Amino acid sequence: MADNELVERDNIEQAIAALKNGARLLKYGRKGKPKLCSLILSNDEKALIWYSGKEQKQLRLNAVSRIIVRHHIAKFRQFPKEYQLLSLIYGNDEHSLDLVCKDKQEAELWFVGLKALASTKRDIEGPKTKQWWRTITKGGR
């Protein structure tokens with residue numbers, strides 16, 4: 001196995017561990033009103049879990065068709081840095097789980113972990129800068 005593959009696998013394992021630990025992210029609901037919520041990866045690594053009030057909600061990762069990391073969604077226009085924004089597109093591309101991460105490192109971890117776990121990797125999009133990808137694949141920060 002090449003060194004790059006080992007580094008990439010190590011990055012993926014670190015990212016999945018971070019998702020299992022969870023994070024407080026700003027989540028946009030269907031009505032566009034942002035809420036700070038704790039998201040965590042399920043123990044079986046097949047779903048993201050969060051709470052809406054007292055009710056547990058989840059998004060099965062095999063339902064995710066795209067993960068988008070960029071600044072093209074109207075409700076995110078107030079945030080200046082595109083690498084902090086994640087949209088998980090699911091349900092025949094009709095729905096999205098829209099999240100704002102607190103910084104670039106958190107966004108990269110979530111993107112790498114979700115990309116590795118999502119069953120359909122056909123349309124996973126990251127920022128269009130080569131440096132961002134170099135950071136992920138070579139483990140640098």
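**Core and fold of a predicted model**

Me: In this predicted model, which residues is Leu-88 in contact with, leaving aside its neighbours within four places in sequence?
Reply: Contact is taken here as heavy atoms within 4.5 Å. With the neighbours within four places in sequence set aside, the partners of Leu-88 are Leu-48, Leu-59, Val-64, Arg-66, Ile-67, His-95, Ser-96, Leu-97, Leu-99 and Leu-114.

Me: Which element gives the most residues to the largest nonpolar core?
Reply: The largest nonpolar core has 26 residues, and Leu-88 is listed with Leu-39, Leu-48, Leu-97, Trp-110 and Leu-114 as having the most contacts inside it. At least two residues of this core come from each of several elements, including helix H1 (3-21), strand S2 (34-41), strand S6 (85-90) and helix H2 (104-117). The element that gives the most, with five residues, is H2.

Me: Is Cys-101 buried or exposed?
Reply: A residue counts as buried when its relative accessible area is under 20%. Because the relative accessible area of Cys-101 is 2%, this residue is buried.

Me: How many disulfides does the structure hold?
Reply: A disulfide would require a pair of cysteine sulfur atoms within 2.5 Å. Cys-37, at 7% relative accessibility, is buried, and Cys-101 is buried as well, but the number of disulfides in the structure is zero.

Me: What pattern does the protein chain follow when read along the sequence?
Reply: The secondary structure of the protein chain comprises three helices and eight strands. Taken in sequence order, these elements give the pattern α-β-β-β-β-β-β-β-α-β-α.

How values were computed:
Residues numbered from 1 in each chain as written. Predicted model: local features only at pLDDT ≥ 70, side-chain atom pairs only at ≥ 80, totals over all residues. Heavy atoms only, no water. Buried < 20%, exposed > 50% of the residue type's maximum accessible area, 1.4 Å probe, protein only. Core = buried A, V, L, I, M, F, W, Y, C linked by side-chain atoms within 4.5 Å. Helix = DSSP H or I, 4+ residues; strand = E, 2+ residues; numbered from the N terminus.
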